[in-house]
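Biologist: I would like to go through this chain term by term. Please tell me what each label rests on.

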Amino acid sequence: MNGGIHREVEKQLEEKRARALQRGVQRREAIYAEIPEIRRLDRCVDQAGIYLGFLAMGRPCPNTGAFPELLQMDQAALENTMEACAARKRQLLVQHGFPEDYLTDLYDCPLCRDQGYVVENGVSRRCRCYIQILVAKLREASHLQEKAGR
């Protein structure tokens, strides 16, 4: 029975992650429609991240035609560009009446991001949200057994 309950907990957490992902897509699309510059900033950050990956592998960056100025940058300049884009994005969100973390804080549990596990000092353990769901499921199961025994 416990294995089944743990599977139910995992399923519930998976559903929470799926809802958070959907909320993120919906929010992002709404923000892109209202503040088109944010889409450009996100694309710039994505491209800079790709270029950083190529630099880390010691391989030449492919010229995608998007943001050609990034091709000439070293690692520090790419990282600075990414941070500048993130700062501008936060600024735009606030200017348009949104919290600066509007596109990032979408999970029910900020500790584990609805994964159910956290890592502390290199050790993985169940998050408190996992334990809360598990306790609720165990209570529910015990009540069902009590009713069945009557």
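Modeller: Helices and strands here are DSSP runs, a helix having at least four residues and a strand at least two, numbered from the N terminus. Read in that way, the chain follows the pattern α-α-α-β-β-α. Please keep in mind that this is a predicted model.

Biologist: How many helices and strands are there in the chain?

Modeller: The chain has four helices and two strands.

Biologist: How does the radius of gyration of the chain stand against that of a compact globule?

Modeller: For a compact globule of 150 residues the radius would be near 15 Å, whereas the chain has 22 Å. The C-alpha trace spans about 75 × 40 × 25 Å along its principal axes.

Biologist: What share of the residues is buried?

Modeller: Buried residues are 27% of the 150 in the chain. The chain exposes about 10,000 Å², and carbon and sulfur atoms supply 52% of that area.

Biologist: Why is Gln47 called buried?

Modeller: The relative accessible area of Gln47 is 11%. Buried means under 20%, so Gln47 is buried. Gln47 is found in helix α2. Apart from neighbours within four places in sequence, Gln47 is in contact with Thr64, Ala66, Phe67 and Leu70.

Biologist: What makes Asp108 and Lys16 a salt bridge?

Modeller: The rule asks for a side-chain nitrogen of Lys or Arg within 4 Å of a carboxyl oxygen of Asp or Glu. For Asp108 and Lys16 the N to O distance is 3.6 Å, so the pair meets the rule. Asp108 lies in the loop between α3 and β1 and Lys16 in helix α1 (residues 2-34), so this pair ties together parts that are 92 residues apart in sequence.

Biologist: Are these two side chains' residues buried or partly exposed, and why?

Modeller: Lys16 has a relative accessible area of 18%, which is under 20%, so Lys16 is buried. Asp108 has 44%, which lies between 20% and 50%, so Asp108 counts as partly exposed.

Biologist: Which parts of the chain does the salt bridge between Arg39 and Glu29 tie together?

Modeller: The side chains of Arg39 and Glu29 meet at 3.7 Å, N to O. Arg39 lies in helix α2 (residues 36-57) and Glu29 in helix α1, so the pair ties together parts that are ten residues apart in sequence. With 29%, Arg39 is partly exposed, and Glu29, at 42%, also counts as partly exposed.

Biologist: What is the distance between the closest N and O atoms of Asp42 and Lys89?

Modeller: These atoms are 2.7 Å apart, and the two residues form a salt bridge. The pair links distant parts of the chain, with Asp42 in helix α2 and Lys89 in helix α3, 47 residues apart. Both Asp42 and Lys89 are buried.

Biologist: Which residues do salt bridges with shared partners join into one network?

Modeller: Lys16, Arg23 and Asp108 are joined in that way. By the rule, the count of salt bridges comes to ten. The chain has 23 positive and 21 negative side chains, and the centres of the two sets lie 6 Å apart.

Biologist: Where does Glu100 lie, and why is Glu100 called partly exposed?

Modeller: Glu100 lies in the loop between α3 (75-95) and β1 (117-120). The relative accessible area of Glu100 is 48%, which falls between 20% and 50%, so the label is partly exposed. Leaving aside neighbours within four places in sequence, Glu100 is in contact with Arg90, Leu93 and Val94. Glu100 and Lys89 are eleven residues apart in sequence, and their C-alpha atoms are 8.0 Å apart.

Biologist: Where does Asn121 lie, and is Asn121 buried or exposed?

Modeller: Asn121 lies in the loop between β1 and β2 (123-126). With a relative accessible area of 82%, which is over 50%, Asn121 is exposed. The phi of Asn121 is near 55°, a positive value in a residue other than glycine.

Biologist: What is the phi of Arg113?

Modeller: The phi of Arg113 is near 55°, again a positive value in a residue other than glycine. Arg113 is in the loop between α3 and β1. At 47% relative accessibility, Arg113 counts as partly exposed.

Definitions and conventions: Residues numbered from 1 in each chain as written. Predicted model: local features only at pLDDT ≥ 70, side-chain atom pairs only at ≥ 80, totals over all residues. Heavy atoms only, no water. Rg over C-alpha atoms; globule rule 2.2 N^0.38 Å. Buried < 20%, exposed > 50% of the residue type's maximum accessible area, 1.4 Å probe, protein only. Areas by Shrake-Rupley, 256 points an atom, 1.4 Å probe, with all protein chains shown as cover. Lys, Arg positive; Asp, Glu negative; His and termini not counted. Charge placed at Lys NZ, Arg CZ, Asp CG, Glu CD. Contact = heavy atoms within 4.5 Å.
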